[in-house]
Amino acid sequence: MPPVVSGLLPYIADKKGFYKAFGVDVTVKSFTTGTDATRAMSTGQIDIAIAPPAQVVALVAKGIPIVAIQGQENPDWVVVSTDPAINSCQKLKGQGVGVDAIGGIRYTALAVMLKTCGLTIKDVHPLAFPGDANPQAVIAGQLKVSVLHLNEVVAVQQQLGKPLTTVMVQAQVVPNSMYEMFATLKSKLDQNRDAFVRFVAAQIATLNWMFDPANADEVAQLATVVGDSAQVMKQAMAEYKQMDFWSLDSAGLPQTNVENVIKSQVAAGNVPADKAPTYSQIVDLSVYQDAQKLVQP
């Protein structure tokens with residue numbers, strides 16, 4: 001707590017009553033990191049998690065049958081620096097860089113971006129600051145370089161009163177990557193598929209409401225749950241819409257992007273090639289397709 005921006009979709013769906021409107025009983029739980037939430041989902045402690053794709057691939061490769069039913073293909077990760085001299089991928093070598101957790105989603109995003117200039121995660125010093133502690137550490141001067149969400153960049157710049165230096169933007173340097181997945185155990189999906197369809201339908205309806213211009217001020221106010229002001233979040237949400245952070249017309253699980261995650265995990269040695277899952281093992285688009293039918297146009 002507070003939740004990061006990717007947690008806004010279920011938070012707003014809950015607060016605005018969309019889950020109830022679609023007849024599904026949802027309790028939103030917060031975890032320190034997406035990695036922790038994914039572990040809880042993989043052991044059946046919770047029904048669904050907003051999961052880092054690399055972790056999903058690794059777990060499926062280990063024989064845990066996890067399936068994604070909705071996703072976000074466009075990452076908003078930005079590597080920023082308070083030191084204008086650190087302004088390129090190569091200049092990160094030897095630097096301490098803020099992440100969420102070793103093996104967490106910021107850590108993984110950093111590793112992927114470093115590859116674009118021939119560096120590896122071993123060439124930097126990852127410093128773990130979970131969730132909101134990360135941007136706060138930048139403001140406090142504890143971190144000079146960090147991996148931040150887009151809205152965190154806006155907030156930090158406002159609080160510091162000066163612009164941050166953009167080192168890398170993942171969506172630019174690593175196109176066709178994959179950000180997050182709403183994932184569940186296949187056994188849970190098989191047991192209660194209708195509830196998962198209604199869950200996704202509620203989220204489709206929520207996104208339609210969130211990006212109706214008439215609701216911009218209320219969305220910004222609800223989005224302050226991430227710890228930023230309504231002013232910051234109104235600007236950030238407009239930028240999120242522009243970058244298609246949440247897909248308004250698809251499940252957000254394109255095959256090319258998911259397969260790129262699988263390939264990158266094999267290349268990194270995190271998943272043996274002979275154990276690598278296929279797209280169809282990880283993704284079930286039928287849930288989204290059935291959910292669309294429940295949402296009024």
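**Contacts, burial and a cavity**

A: Leaving aside residues up to four places away in sequence, threonine 35 touches Pro52, Gln55, Gly103, Gly104 and Ile105, where contact means heavy atoms within 4.5 Å. This is a predicted model, in which local features need pLDDT of at least 70 and side-chain atom pairs count only at pLDDT 80 or more, while totals for chains, interfaces and linings use all residues. Residues are numbered from 1 along each chain as its sequence is written, and side-chain values use heavy atoms, with hydrogens and water left out.

Q: Is threonine 35 buried or exposed?

A: Buried means under 20% relative accessible area, exposed over 50% and partly exposed in between, with a 1.4 Å probe and protein chains only. Threonine 35 counts as buried because its relative accessibility is 7%.

Q: Which residues of α3 are buried, and what covers them?

A: Helices are DSSP runs of H or I with at least four residues, and strands are runs of E with at least two, numbered from the N terminus. Helix α3 spans residues 34–42, and its buried residues are Thr35, Ala37, Thr38, Ala40, Met41 and Ser42. Their cover includes β1 (49–51), α4 (53–61), β2 (66–72), α5 (105–114) and β8 (180–185). Just after α3, glycine 44 has a positive phi of about 80°.

Q: Which element gives the largest share of the lining of the largest cavity?

A: The largest share, three residues, comes from β2.
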